[in-house]
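Below is a short note for a colleague who is opening this structure for the first time. Please read the points with the model in view.

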Amino acid sequence: MPRTGLLERIRARANAGNVAAITSSLVALVVYTRTVLPGVSYGDWGDAQLNLYRLGILHPTGYPLYSLLGKAFTSIPIGEVAWRANLFSGVAAAAAVGVAVLILLRLGVRPVIAAGAGLALAFTGTLWQEATFAEMNSLHLLLVALLLHRALVWRAERRTRDLLL
């Protein structure tokens with residue numbers, strides 16, 4: 001009987017953690033969507049907006065994953081192409097906030113505190129700026145956060161698939 005109580009507590013904590021991560025991501029996404037650069041920009045930002053849509057090469061490295069995902073995102077028929085390219089950064093940053101909350105939960109932080117820390121990350125000046133215009137840094141942050149999360153999952157559960165991911 002005590003074992004059932006333990007499983008229920010683990011499920012309740014996991015559910016609270018998922019709610020904290022999703023809520024943090026959605027709040028960040030709403031704010032990023034409301035504050036995203038509304039149109040065409042200049043310099044590297046304008047270059048990124050155009051090249052995502054055309055599948056051009058951004059800089060000498062080309063950022064191929066960013067370019068391919070950005071092309072798919074700019075194909076969604078909502079708003080202008082420049083706005084969609086800018087919003088892509090916001091979506092990636094909001095997802096990174098959610099993954100950061102999941103990382104904190106894996107490290108034993110309570111869900112409410114993890115959500116607060118995730119929102120604090122979301123609204124730091126640096127991440128907020130990166131989330132509101134077309135730039136690859138938000139996607140890089142998301143990929144690093146996913147890598148750290150998967151490493152923590154592997155450390156806890158030792159499944160080969162987590163290591164392969």
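**Notes on helix packing and selected residues**

1. Helix α4 passes helix α7 in a left-handed crossing; a crossing is left-handed if the near helix is turned anticlockwise from the far one by less than a right angle, and right-handed if clockwise. Helices here are DSSP runs (H or I, at least four residues), as strands are (E, at least two), numbered from the N terminus. The axes of α4 and α7 are 8 Å apart and their packing angle is about 25 degrees. Axes are lines fitted to C-alpha atoms, for helices over the stretch in contact, with angles from 0 to 180 degrees between N-to-C directions. The two helices are therefore roughly parallel to each other (under 35 degrees; over 145 is roughly antiparallel, 65 to 115 roughly perpendicular, and the rest oblique).

2. This is a predicted model, in which local features need pLDDT of at least 70 and side-chain atom pairs count only at pLDDT 80 or more, while totals for chains, interfaces and linings use all residues. Residues are numbered from 1 along each chain as its sequence is written, and side-chain values use heavy atoms, with hydrogens and water left out.

3. Which residues make the contact between α4 and α7? On the α4 side they include Phe 88, Ala 92, Ala 96, Val 99, Ile 103 and Arg 106. On the α7 side they include Leu 142, Ala 145, His 149, Val 153 and Glu 157. Contact means heavy atoms within 4.5 Å. By class, this contact has 17 nonpolar, 3 polar and 2 charged residues. Nonpolar covers Ala, Val, Leu, Ile, Met, Phe, Trp, Tyr, Cys and Pro; charged covers Asp, Glu, Lys and Arg; the others, Gly among them, are polar.

4. On the overall layout, the protein chain has 8 helices and 0 strands. Of its 165 residues, 38% count as buried (under 20% relative accessible area; exposed is over 50% and partly exposed in between, with a 1.4 Å probe and protein chains only). Among contacts between residues at least 6 apart in sequence, 67% join residues at least 24 apart.

5. How many salt bridges does a search of the whole structure find? The search finds 1 salt bridge, defined as a side-chain nitrogen of Lys or Arg within 4 Å of a carboxyl oxygen of Asp or Glu. Arg 106 forms a salt bridge with Glu 157, and the closest N and O atoms are 3.4 Å apart. Arg 106 is in helix α4 and Glu 157 in helix α7, so the pair ties together parts that are 51 residues apart in sequence. Arg 106 is partly exposed, at 35% relative accessibility. Glu 157 is also partly exposed, with a relative accessible area of 36%.

6. Val 153 is found in helix α7, which spans residues 137-157. Is Val 153 buried or exposed? Its relative accessibility is 1%, so Val 153 counts as buried. Leaving out residues up to four places away in sequence, Val 153 touches Arg 106, Arg 158, Arg 159 and Asp 162. Val 153 and Leu 163 are 10 residues apart in sequence, and their C-alpha atoms are 8.8 Å apart.

7. Helix α3 (residues 64-74) packs against helix α4 (residues 81-106) at an angle of about 120 degrees, with axes 9 Å apart. The two are therefore oblique to each other, and their crossing is right-handed. Among the contact residues are Tyr 66, Leu 69 and Phe 73 of α3 and Val 81, Arg 84 and Phe 88 of α4. By class, the contact has 8 nonpolar, 3 polar and 1 charged residues.

8. The axes of α4 and helix α5 (residues 111-122) come within 9 Å and cross at roughly 145 degrees. This crossing is right-handed. The contact includes Val 97, Val 101 and Leu 104 of α4 and Pro 111, Ala 114 and Leu 121 of α5. Its residues are 11 nonpolar, 1 polar and no charged.

9. Ser 67 lies in helix α3 and is buried, with a relative accessible area of 5%. Beyond its neighbours within four places in sequence, Ser 67 is in contact with Leu 52, Leu 55, Gly 56, Leu 58 and Gly 62. Leu 55 lies in the loop between α2 (43-54) and α3, and counts as partly exposed at 43% relative accessibility.
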